Amino acid sequence: MIERDVTIRIGGEAGMGLESSGAGFAKALTRGGLYIFGVPDFYSRIRGGHNFFTLRAASQPLYSITDPVHLLVALDMETVRRHGDEVVAGGAVIYDAKETLPDELKRSDVLFVPVPLTELAKEIGGRDIMRNTLALGVVAGLLDFDVSYVESIVRDNFGKKGQAVVDGNLRLIAAGVEAAQPYRADYPFRLHAVAGAPQRLVLNGTQAFAMGALAGGCRFVSGYPMTPGSGVLVWFAQHGAKYGAVAKHVEDEIAGINMAIGAAVMGARALVPTSGGGYALMVEATGFAAMSETPLVIYNAQRPGPATGLPTRTAQADLLFMLHAAQDEFPRFVLAPGTLEEAFHVGWEAFNLAERYQVPVMVLSDQFLADTFRTIEPDALDFDAVTIDRGALLSREALDALTEPYQRYKVTESGVSPRALPGHPKAIWVTESNEHDEAPRINEEAENRNAQMEKRMRKRDGMVQEVPPPTWYGPEGAEVTFVCWGSTYGPLREAVDCLNAEQSGRANLLHFNGIEPFPPVAEAALRKAKKLVAVEGNFTGQLERIIRVETGIVMDGAIHRYDGRPFRPEYILANLPPAVSGKEA
Amino acid sequence: MVTRDDYKISEKPTWCPGCGNYGILSALTRAFVEHGIAPHEVIVVTGIGCGSKLPQYMRVNGMHTLHGRPAPIAQGAKLANHQMRVVLVHGDGDGYGEGLGHFAHETRRNPGVTELVQNNKIYGLTKGQFSPTSEKGKRTSTSPSGSAENAVQPLALAITQGATFVARGYPGELNHLVWLIGEALEYPGYALVDILQPCVTFNKERAYDYYNGRVYKLEDEAGYDPANRTAAWERAQEWGDRIPIGIFYRAEPGLTYEAQEPALKAGPLVAQPLAPLAQEQIATLLADLT
């Protein structure tokens with residue numbers, strides 16, 4: 001049983017400022033010593049519709065949101081209509097007193113808290129939108145959360161706008177707390193701050209990956225905005241220059257990846273952030289990076305497709321696409337971090353792998369990982385572990401000492417050729433998109449083709465040793481092993497905990513972060529399992545298929561989700577296949 | 001001192017005898033030599049097509065890339081190492097067809113790139129289909145009843161988009177072409193030299209016979225002022241009995257794409273040391289997350 005496990009859901013129309021309010025409150029709770037898991041659920045529109053932000057808080061680390069809602073903050077009646085049923089018995093609904101609560105939405109087991117949000121916001125703050133701040137005061141008041149942490153966020157967020165703005169917001173919070181006062185005795189849930197907690201971090205997957213990339217020496221980012229991949233481009237545009245990194249928003253995705261390749265040939269560690277549809281435009285250039293053996297990191301924050309699909313929602317359906325993108329065959333890495341910690345780690349390691357093997361490295365994130373906020377320990381982003389390894393890059397001194405003509409695509413045992421950056425008088429060479437010989441000149445002879453093709457493919461021998469192995473969570477020898485990749489790790493981990501809480505030794509999970517090249521230790525790990533169930537955010541079971549192709553292992557069951565919503569532990573438990581649940585299909 | 005020998009290579013071009021690309025290759029080499037540019041100080045970025053094989057036929061750094069994409073690749077190269085000269089060379093199908101979008105954006109961006117277009121108004125390497133600069137009505141294998149489109153107007157488009165050095169050359173006037181390329185190389189911003197490249201095999205109607213006697217030099221034209229943008233835009237569309245070559249438009253370039261980039265104030269990107277972040281930098285990053 002997780003202590004102080006409370007879920008707050010804030011709902012309203014797009015444009016009501018839900019995301020910034022949610023993120024602000026997430027920070028306040030973290031400062032108050034609690035762990036949060038915050039998930040935005042937004043439609044692809046700027047105004048109107050129905051958006052909500054779910055914030056789960058507890059006194060231990062969280063990996064998912066769960067179904068029960070303890071406190072619903074309804075900035076409009078649509079929120080009560082859609083989420084009223086999700087509130088647990090004893091829970092509460094905060095709504096604007098200017099609205100009339102229709103009889104059919106009333107529940108006798110839920111506390112309704114009408115607060116004149118708009119009226120007070122106008123009276124105290126002068127603007128409607130400030131009712132969010134007021135509502136957060138009510139939330140803090142009802143949950144008896146130490147309001148000073150909320151106030152500290154207000155000071156930080158609004159400090160730049162001047163004391164008057166800060167004071168206005170502080171008065172709104174005080175008014176909110178006061179409005180909650182008469183209801184507190186009738187509301188059983190509490191989120192008391194934990195004293196003496198270390199100063200933990202709260203961030204999302206976009207930030208974790210971007211910081212990892214920066215730490216790993218990424219100095220060139222070019223791309224075109226596409227939700228949910230834009231976050232990384234925006235992050236670098238806002239922070240990069242301070243650290244000497246160029247970030248360019250260019251005319252389209254094709255320009256984005258080609259610019260990055262141009263920069264990478266010259267020697268910059270280059271990154272292209274996008275989402276699946278944007279990556280579709282980058283496919284040809286991926287082949288150019290591969291043929292020219294240019295190190296490049298491609299980040300795809302997946303969303304449901306095809307085409308425009310569900311722009312602001314999540315999916316894990318681009319795995320096979322990335323694995324096979326571009327014509328013919330060439331080695332590549334496909335990595336799929338599951339947590340913020342892994343996203344940070346992959347962020348820097350991707351650049352080492354790209355340069356060590358002079359190949360494209362593809363990082364698969366998704367909207368769920370990219371946009372979800374989570375509290376982690378102060379040292380969870382392991383900056384000390386970061387190394388910058390440029391592989392077979394020739395130094396200026398090494399080039400000065402060259403006695404033979406430089407050969408960019410020299411055939412070597414490892415398949416990796418020593419790389420010179422353009423600009424040295426002893427290493428004058430052409431990056432080639434045509435098949436080429438070692439020099440390189442364009443060369444179409446069969447013998448040469450085989451030599452170069454085999455050289456490129458030989459890199460896999462080294463790559464396969466470096467791909468991250470799958471990781472276990474849960475008790476050894478469990479009755480069922482769930483298999484997942486990427487962001488499904490978190491919700492699945494909580495589902496595994498639930499199953500083991502019912503009956504110990506029931507379940508464990510095997511999480512794939514490295515998928516291509518297929519990690520050689522994976523087969524032995526999979527063969528340890530008594531029963532295997534794949535859990536993936538796609539229709540056909542893409543990792544499942546890869547495992548079958550690579551190992552011949554067939555899953556005993558699978559759980560798929562493709563409605564654009566992230567997995568939750570309850571969804572997994574409700575969809576257990578017959579092989580696990582023992583129930584008839 | 002830089003000499004022509006520095007650019008010499010044993011590789012023989014795969015171009016047809018009489019191809020305009022020989023003149024362009026020769027003019028580019030001569031311009032490099034005349035302006036004291038050594039092969040390691042420059043990178044020649046090309047697309048895909050007959051002419052784009054050019055960096056294979058001289059001893060120079062090159063990037064032989066993808067059809068339609070050399071422009072963004074060249075801009076990325078320049079951003080990564082702005083001390084290096086970046087010369088972008090490609091054909092009309094490449095830059096005005098597949099890559100027209102990139103061209104339209106590049107010309108409003110002022111990257112420090114010198115762009116030379118081998119404009120033969122035909123697809124050569126795929127054996128003679130009409131190109132974006134073919135004149136309307138051109139009959140080819142893919143336009144048996146005549147092409148339906150107006151020709152792209154690259155010079156007028158570049159001027160419209162804000163390019164500040166816009167020129168046209170002709171290998172039949174080789175010394176003039178050498179001079180033009182030199183002026184473009186010395187220009188401190190984006191410079192376009194569109195080159196009328198005779199294709200003697202697949203576009204015989206637009207070979208030397210057509211251009212000789214039609215081309216005239218703007219520099220010899222009394223009263224022509226290349227600083228006059230409106231006049232340049234009008235002249236850029238002159239085609240027929242008289243075909244202008246020379247510098248159509250030349251103005252103050254303003255800051256380049258690279259010079260406007262804050263991260264490059266300390267020098268070229270690739271010259272900056274690449275080391276793990278310092279403790280205070282990490283502290284700054286983490287401060288945003290607490």
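Predicted model: local features only at pLDDT ≥ 70, side-chain atom pairs only at ≥ 80, totals over all residues.
## Where the chains meet

Chain A gives 51 residues to the contact, and chain B gives 48. On the side of chain A that touches chain B, six elements each supply two or more residues: strands E7 (201–204), E8 (220–223) and E15 (430–432), with helices H7 (205–215), H9 (253–266) and H11 (283–291). H9(A) provides the largest share, ten residues. By class, this side of chain A holds 32 nonpolar, 13 polar and six charged residues.

Strands also pair across the two chains. E15(A) runs parallel to strand E2 (residues 61–64) of chain B, joined by three bridges. Here A:Thr431 stands opposite B:Met63.

## Nonpolar cores

In soluble globular proteins, nonpolar side chains tend to be buried together. The largest nonpolar core here has 241 residues. Those touching the most other members are A:Ile36, A:Ala260, A:Ala263, B:Val166 and B:Ile181.

Beyond its neighbours within four places in sequence, B:Val166 is in contact with B:Leu155, B:Ala158, B:Ile159, B:Leu192, B:Ala232, B:Phe248 and B:Tyr249. A second, separate core has nine residues, including B:Cys50, B:Ile122, B:Phe130 and B:Ala207.

## Strand E3 of chain A

E3(A) spans residues 48–58 and is mostly covered, with eight of its eleven residues buried. Two strands pair with E3(A), as follows. Strand E1 (residues 6–14) of chain A is antiparallel to E3(A), with eight bridges. Strand E2 (residues 35–41) of chain A is also antiparallel to E3(A), over seven bridges. A hairpin of six residues links E2(A) to E3(A).

A:Ala57 in E3(A) is the bridge partner of A:Val6. A:Ala57 is also the bridge partner of A:Ile36.

Notes:
Residues numbered from 1 in each chain as written. Chains lettered and ligands numbered in written order. Contact = placed C-beta atoms within 7 Å. Helix = DSSP H or I, 4+ residues; strand = E, 2+ residues; numbered from the N terminus. Nonpolar A, V, L, I, M, F, W, Y, C, P; charged D, E, K, R; others polar. Pairing = 2+ DSSP bridges. Core = buried A, V, L, I, M, F, W, Y, C linked by C-beta atoms within 7 Å. Buried ≥ 20, exposed ≤ 12 C-beta atoms within 10 Å, placed from the backbone.
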